[in-house]
Amino acid sequence: MSENEKIERIENMPYGVEGEAEFEEKVRQDASMDVGERDEDEASKKQAERVLKAIEMLIDSDEKIIAVAKKMRRRVMMAADDADEPTLDEKTLYMRTGAEIIAHYANRASISGGVSGLPAMLPGIGSLIGFVGTAAVDVVYMLKFEVEMSLALFWLAGLDIAQERIRKLAVMIVTVVSADILKNKKGDVDAVSLVEAAFWGYSVRQLSRHLITRISGILVVSLSRQLVRTLPVLGIVVGATVNKVMLRRTGNACLDALWVHRNTINVHDDGQTTEQAGSDVVYDAEFLD
């Protein structure tokens, strides 16, 4: 096989598949699937793509997100000044500001979770339901606030959130953490695994592929737990509580991981990281699977 054929083969690999061995395994799996299973798998990917597109349409502008981060940083500095604390060191300022950012978006997610059962109270809800379906609306709003929170934390860590790869990383980290929290009844996140996950070195193309896989997983688990939210009053309370707790757990995991990676995420003009610029090796990101 020529080099051009290899490149074309890699570019045409399906979502979530990054290497030759995985590709061959995927081909074997597809061959063993019946038509119904393949149609269901394709439908799941398309739903995840619609959810991701809806999130991208709904998230606030970079200016608004940065304004929130700056406001929270000023609040922390003013509180320290009022308490006559000495000048805050870099890590203390980062952690306290991050906690304020997380609380801000957790409260917003709580409101959306509480009213997701009352469509008339959410602007543009009719169009959104028509695009992603009623059952996925709450997932869209939850991820919207998680992504906004993540972008604010990335900016706080000194990263340029206007960069496409940084934005993809911001979405990737919350979907990875959210998927793990949903699968884990205790809601615990292994910080070491998150820090060491290979997705920090992924290119834009690789991140895009894995995002679809992660969002598909979130949809499967979230939609299987939607029954209680259809109940009057109880559904509102549960939705508000679940979203707030989810945002806090996700935010805390992101905050810690970003502190470790803040000085190692360097993007070249071609979209590669420093590590990838010196190597063509592609690593898969398996996080607590």
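Contact here means heavy atoms within 4.5 Å.

**Figure 1. Overall architecture of the predicted model.** The structure shown is a predicted model. Among contacts in the protein chain with a separation of 6 or more, 78% join residues 24 or more positions apart. The secondary structure consists of 12 helices and zero strands, and the sequence accordingly reads as α-α-α-α-α-α-α-α-α-α-α-α. Of the 289 residues in the protein chain, 44% are buried. The accessible surface amounts to about 14900 Å², and carbon and sulfur atoms contribute 55% of that area.

**Figure 2. Packing of helix 7 against helix 8.** Helix 7 spans residues 137-156 and helix 8 spans residues 164-183. The two helices pack at an angle of about 125 degrees, and their axes lie 9 Å apart. An angle over 145 degrees would count as roughly antiparallel and one of 65 to 115 as roughly perpendicular; helix 7 is therefore oblique to helix 8. The crossing of helix 7 with helix 8 is right-handed. On the helix 7 side, the contact is formed by Leu143, Glu146, Val147, Ser150, Leu151 and Phe154. Helix 8 contributes Ile166, Arg167, Leu169, Ala170, Val171, Ile173, Val174, Thr175 and Ser178. Classified by residue type, this contact comprises 10 nonpolar, three polar and two charged residues.

**Figure 3. Surroundings of Ile173 in helix 8.** Ile173 is a residue of helix 8 and belongs to the contact of that helix with helix 7. Its relative accessible area is 0%, and because buried means under 20%, Ile173 is classed as buried. Leaving aside residues up to four places away in sequence, Ile173 touches Ser150, Phe154, Leu194, Phe199, Trp200, Cys254 and Ala257.

**Figure 4. Packing of helix 4 against helix 7.** Helix 4, residues 62-82, packs on helix 7 at an angle of about 60 degrees, with 9 Å between the axes. Helix 4 and helix 7 are therefore oblique to each other. Helix 4 passes helix 7 in a crossing that is right-handed. The residues of helix 4 in this contact are Ile65, Ile66, Ala69, Lys70 and Arg73, and those of helix 7 are Glu148, Leu151, Ala152 and Trp155. By class, the contact has six nonpolar, no polar and three charged residues.

**Figure 5. Val51 in helix 3.** Helix 3 covers residues 35-58 and includes Val51. Val51 has a relative accessible area of 0% and is buried. Along the chain, Val51 and Ala136 are 85 residues apart, whereas their C-alpha atoms are separated by 7.6 Å.

Figure 6. Asp84 is located in the loop between helix 4 and helix 5, the latter comprising residues 90-115. The phi angle of Asp84 is near 55 degrees, a positive value in a residue other than glycine. Most residues other than glycine have a negative phi. The relative accessibility of Asp84 is 69%; because exposed means over 50%, Asp84 counts as exposed.

Notes. Residues numbered from 1 in each chain as written. Predicted model: local features only at pLDDT ≥ 70, side-chain atom pairs only at ≥ 80, totals over all residues. Heavy atoms only, no water. Axes fitted to C-alpha atoms, helices over the stretch in contact; angles between N-to-C directions. Helix = DSSP H or I, 4+ residues; strand = E, 2+ residues; numbered from the N terminus. Parallel < 35°, antiparallel > 145°, perpendicular 65-115°, else oblique. Left-handed = near helix turned anticlockwise from the far one by under 90°. Nonpolar A, V, L, I, M, F, W, Y, C, P; charged D, E, K, R; others polar. Buried < 20%, exposed > 50% of the residue type's maximum accessible area, 1.4 Å probe, protein only. Areas by Shrake-Rupley, 256 points an atom, 1.4 Å probe, with all protein chains shown as cover.
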